[in-house]
Amino acid sequence: MNLTIALLPGDGIGPEVTAQAVKCLQAVGETFGHQFEFTEAIVGAKAIDKTGNPLPDSTLELCKNSDAVLFGAIGDPKYDNDPDAKIRPEQGLLKLRKELGLFSNIRPVKVFPTLIDKSPLKKRIIRGTDFVIYRELIGGIYFGEKNLNEDGTVASDLCTYSEAEISRIAHMAFKAAKTRRKKLTLVDKANVLESSRLWRKVVTKIAESYPEITLEFLFIDNAAMQLILNPSQFDVILTENMFGDILSDEGSVIGGSIGLLPSASVGEHNALFEPIHGSYPQAKDKDIANPIASILSAAMLLDHFGLDEESRALVIAVLKSMKNEIVTPDLDKNSKYGTNSVGDFISSNIRESDDHLTINRENIWLGKSTII
Ligand code: IPM
Ligand code: MG
């Protein structure tokens, strides 16, 4: 298969971790006979510094014309603490999601058995955790009308959703639930918000076409609590943009490090793959950032194009790095391995391993079932 991949390493640790994902994809390409053609472009704070625009037109065009986008991270502290900044790096990512129509953000959360001790939560609570969040990505409060009154003392952000916007991601989430444990939890705040009541109405109606799926509802505040109290109760979580943003960061704690969680953002014509973590500027250029979230995002990319065996080979190589304790310091503070060595280990394992011929399905982190 020939795939063109737009590479947007972005800010902070983005370039370091994305480089490891590229190494792994190249290893997959060589091992399985595929052609992955990468073209790099700027985005975020880096793009603001160079062009004044967090998403230059040339970057957007490249993404639109590529089969997939591999994204690193976005954000810079110099903007975080300046509420008056008119141009922000994050605007680049938000515009990219919107322009590419990436309405469905898929964030799998699973506890790796070899890392179960790394979690701040008790083993008995997190054992067996395996859920996937379907987060609506281009609507809601993120994209609604924003207002600031003239003297800057009153501000508002509108949360709007249409039936069509809810329905397209709901169908994706139900389809995913069909291939998994057949349970879907809609997370909302329907006791307070009109938009949440529309979500409930639309999703309840759609559920009629998926009789094998058990549909449950949870208010966001309760869901935030349940995620920590009993995460293994969840299978597919469907939610709107802002709640999904918050719940996925919370979910990332369960597995021990936010540096482990990948994501896929898909629309009708485009797909983008990125770790859920941010730009982690404190770790930039120190060779300590965990590349696994980015590498697993590359595995989701392979899955997206139906390259199941290739994706599994990559995931198995990741599991081996964990088993052999070839991990970055976030997972083992005495580790002597850095971002690069972890990437080298995983990519060389893909090349050398013959395990992908004899797959142990029990060990699969991102089976086809966890994504569309
Ligand atoms: C995420 C991030 C982004 C979001 C930021 C960087 C705009 O937190 O992908 O979860 O809020 O969606
Ligand atoms: Mg977030």
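**Ring pairs, salt bridges and the ligand**

Modeller: Tyr161 is buried, because its relative accessible area is 8% (buried means under 20% relative accessible area, exposed over 50% and partly exposed in between, with a 1.4 Å probe and protein chains only). Before going on, note that this is a predicted model, in which local features need pLDDT of at least 70 and side-chain atom pairs count only at pLDDT 80 or more, while totals for chains, interfaces and linings use all residues. Residues are numbered from 1 along each chain as its sequence is written, chains are lettered from A and ligands numbered from 1 in the order in which they are written, and side-chain values use heavy atoms, with hydrogens and water left out.

Trp199 is also buried, since its relative accessibility is 2%. To describe two aromatic rings as a pair, one gives the distance of the centres and the angle of the planes. Rings of Phe, Tyr and Trp (its six-membered ring) pair if their centres lie within 6.5 Å; planes under 30 degrees apart are stacked, over 60 edge-to-face, and the rest tilted. That rule gives 3 aromatic pairs. One of them joins Tyr161 and Trp199, whose ring centres are 5.2 Å apart with planes at 85 degrees, so this pair is edge-to-face. Tyr161 belongs to the loop between β7 (155–157) and α7 (163–178), and Trp199 to helix α8 (residues 194–207), so that the pair links distant parts of the chain, 38 residues apart. The helices (H or I, at least four residues) and strands (E, at least two) are DSSP runs, numbered from the N terminus.

Phe174 and Tyr210 make a stacked pair, because their ring centres are 4.8 Å apart and their planes stand at 10 degrees. With Phe174 in helix α7 and Tyr210 in the loop between α8 and β9 (214–219), this pair ties together parts that are 36 residues apart in sequence. Phe174 and Tyr210 are both buried.

Next come the charged pairs. A salt bridge is a side-chain nitrogen of Lys or Arg within 4 Å of a carboxyl oxygen of Asp or Glu. The whole structure has 20 of these salt bridges. One of them joins Glu212 to Lys178, with the closest N and O atoms 3.9 Å apart. Glu212 is in the loop between α8 and β9 while Lys178 is in helix α7, so parts 34 residues apart in sequence are tied together. Glu212 counts as partly exposed because its relative accessibility is 35%, and Lys178 is partly exposed at 40%.

Asp188 and Arg200 form another salt bridge, at 2.7 Å from N to O. Asp188 lies in strand β8 (residues 183–188) and Arg200 in helix α8, so this pair ties together parts 12 residues apart in sequence. At 1% relative accessibility Asp188 is buried, whereas Arg200, at 22%, is partly exposed.

A further salt bridge connects the side chains of Asp221 and Lys189, at 3.1 Å from N to O. Asp221 sits in helix α9 (residues 220–229) and Lys189 in the loop between β8 and α8; they are 32 residues apart, and the pair links distant parts of the chain. Asp221 is partly exposed at 46% relative accessible area, while Lys189 is buried at 19% relative accessibility. Elsewhere, Lys110, Asp130, Arg180, Arg181 and Asp235 are joined into one network by salt bridges that share partners.

A charge can also sit over a ring, which requires NZ of Lys or CZ of Arg within 6 Å of the ring centre and within 35 degrees of the ring normal. Lys98 has its charged end over the ring of Phe143, 4.8 Å from the centre. Arg135 lies over the face of Tyr142, 5.3 Å from the ring centre.

An oxygen atom of ligand 1 is 2.7 Å from a side-chain N or O atom of Arg97. For Arg107, a polar side-chain atom lies 2.9 Å from an oxygen atom of ligand 1. For Arg135, a side-chain N or O atom is 2.8 Å from an oxygen atom of ligand 1. Ligand 1 taken alone exposes 320 Å², of which the protein buries 80%; such areas come from the Shrake-Rupley method with a 1.4 Å probe.

Key: Polar contact = N/O pair within 3.5 Å; in protein donor to acceptor, adjacent residues only side chain to side chain.
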